[in-house]
Amino acid sequence: MNAIQMPHRPIQALPDQLISQIAAGEVVERPSAVVKELLENALDAGSTSITVRLEEGGVKRIAITDNGRGIAPDQLTLAVARHATSKIATLSDLENVGTLGFRGEALASIASVAVLTLTTRTADAAHAWQIENGKISPSSGAHGTTVDVQDLYYNTPARRKFLKSEQTEFGHCAEVVRRIALARPDVTFSLAHNGKTVDHWNASAIDKRSAHILGDNFASARLSLDESAGPLRLHGFAGLPTASKARADAQFFYVNGRFVRDKLLTHAVRAAYQDVLHGDRYPSYVLALDLDPALVDVNVHPSKIEVRFRDSRAVHQFVFHAVSRALAQTSATAFGTVPAPVQAGSTAMPWIRGEQASFGAQFYGNANGAGNGVAQTTASYGALFNSIGSQVANADGEILPYGYANANAGAGANSPSALEPMFSRTAANTLPEDDHPLGFALAQLHGIYVLAQNSKGLVLVDMHAAHERILYEQLKNALDENSMPVQPLLIPITFYADGIEVGTVEENQAILQSLGFDIAAISPTTLAVRSVPALLKNADAQSLARDVLREVREYGGSRVLIDRRNELLGTLACHTAVRANRSLTVVEMNALLRQMEHTERADQCNHGRPTWVQLGMNDLDKMFLRGQ
């Protein structure tokens, strides 16, 4: 293919009109870019009410009216001139930009590719003034400014051919208005298209504005956050994992009031959601980062959609940890009070100690009713109950008959004598409901789900997913504190290993020990597992060891503890979480509920699946047509 031969021309200065049209190619990509520039100017002018009127998707007309300061008539000529602005005057101003628009090219660029009429009036002016085609004349109008842009690209028809359909262009314009309206809930916005009002938002608080724009689903599933560290402040709303979407169309991030789509910030938020999102879902959020303008460069992109931070690592870590702390509240948060996280080793919850006992262990007393119980018990669930005799304490500390704790003992699972105490005690439980938002267990369904009753109605819990999250958080806390409790095996588990696995063990002893594993090569083809993390002591030691070695081999020891840490710990937690079809007693089920209430991020397992759902009384009434 032959290259296109361009005619040879001497170097020459370009005419002003062509320069403006070239600049317009950067600033005015489509009608929505015009809307963005004009809205930013309106906000910089101190407006508290802005009206946007569009025709034919903004191609035929864009008219934006504000009640801001207006422009003095003697400055109107400069207002539409290239490289003229009131927002910066020195290099220092450029390095400390505190306004939205500042380039001094927007109006000039728009005027070069459309018919622009600007009508404005200051507070002390007797009447408004208007500029069109460079001519200034008296006009009528209220205090503020109206910029009327008609026939976009009328003089550059080639550019106009690249525009999409009317509805597509209007959709882009409406999205720009939504973004800016979210950033400034204190300003009233109105949007009309082809003479019909599409949206109107009165000035309000950010919670109401975000609920109005993002919908009730987001409003009912969001976490408020407001954190500061030095010159950085992050505030807004992070959507619960249950508010995630199949597309990233509900993600709004602002830096000093400016909407940005920055890779560093997006990565920080995504990393915070990493182990609570299911599959390829995207979180929803409205977050604003405020910092000293000198610490961020907003002039790295023509449309100012990207920014550059002076200390990008510090910003990334701050955003990541702030969002992570907000998401850590997701333990039965739908009911208000969030139980304070309990640290590993706390005497308030003995079952979180290094010896991960059965769910019900913390409720047991000995035959005399003492509270030391079976804290060191390492037996299976069934053996636990058989080992304590015929008495067991309930959540109130009262000693109950063994038949209450294990409905399968004595009279049988389906007999009235076995079931009646279970339901009567649950219904009569006097513990404060606010302290136990997941309520109290009623029964187990098909060995998979726990059914519980709370003040709202019925709670359904996926016991494997819930226990997996509990173990996962315990493993993370232990590794963070360098206090991974270890369980030596009475008889080491030996298994055949190939040369790569043996080499992996020999090269990564320090990494394995930090994870709580003592694995040694006892021959060129045999490995022995001598200890495992105490939290995982009931799991298959051989499978655990093989999974750990595979991760270390594939990703390298250092990367496993940094980049792949959570994936590895999630795999380990999944190994030992209570399996489907495991029969649990009411005491064990209640213990699981209590652990969920005191575990961070307990609303989802580490694969992002929900661990529990609530069916309110109204939902149940509708199912059975009660009151209808």
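Modeller: The lining of the second largest pocket draws at least two residues from each of α2 (31-44), α7 (166-183), β11 (251-255), β12 (258-260) and α10 (263-272); helices (H or I, at least four residues) and strands (E, at least two) are DSSP runs numbered from the N terminus. Helix α7 gives the most, 8 residues. The model is predicted, so local features need pLDDT of at least 70 and side-chain atom pairs pLDDT 80 or more, while totals for chains, interfaces and linings use all residues. Residues are numbered from 1 along each chain as its sequence is written, and side-chain values use heavy atoms, without hydrogens or water.

The second largest pocket has a volume of about 860 Å³, the space filled by probe spheres set on its grid points, joined across faces, edges and corners. Its lining has 38 residues, and Glu175, Arg179, Phe259, Arg261 and Ile305 are the closest to its centre. A pocket here is an open set of points on a 1 Å grid over the protein atoms alone, for a 1.4 Å probe, with protein on both sides within 12 Å along at least five of seven lines; lining residues have an atom within 4 Å of a point. By class, the lining comprises 17 nonpolar, 8 polar and 13 charged residues; Asp, Glu, Lys and Arg count as charged, and Gly as polar.

As for the sheet, β21, β23 and β22 form an open antiparallel one in that order. Strands β21 (486-496) and β22 (518-523) are at the edges with a single partner each, so one side of each has no neighbour in the sheet. Strands β21 and β23 (526-533) pair over 7 bridges, where pairing requires at least two by DSSP.
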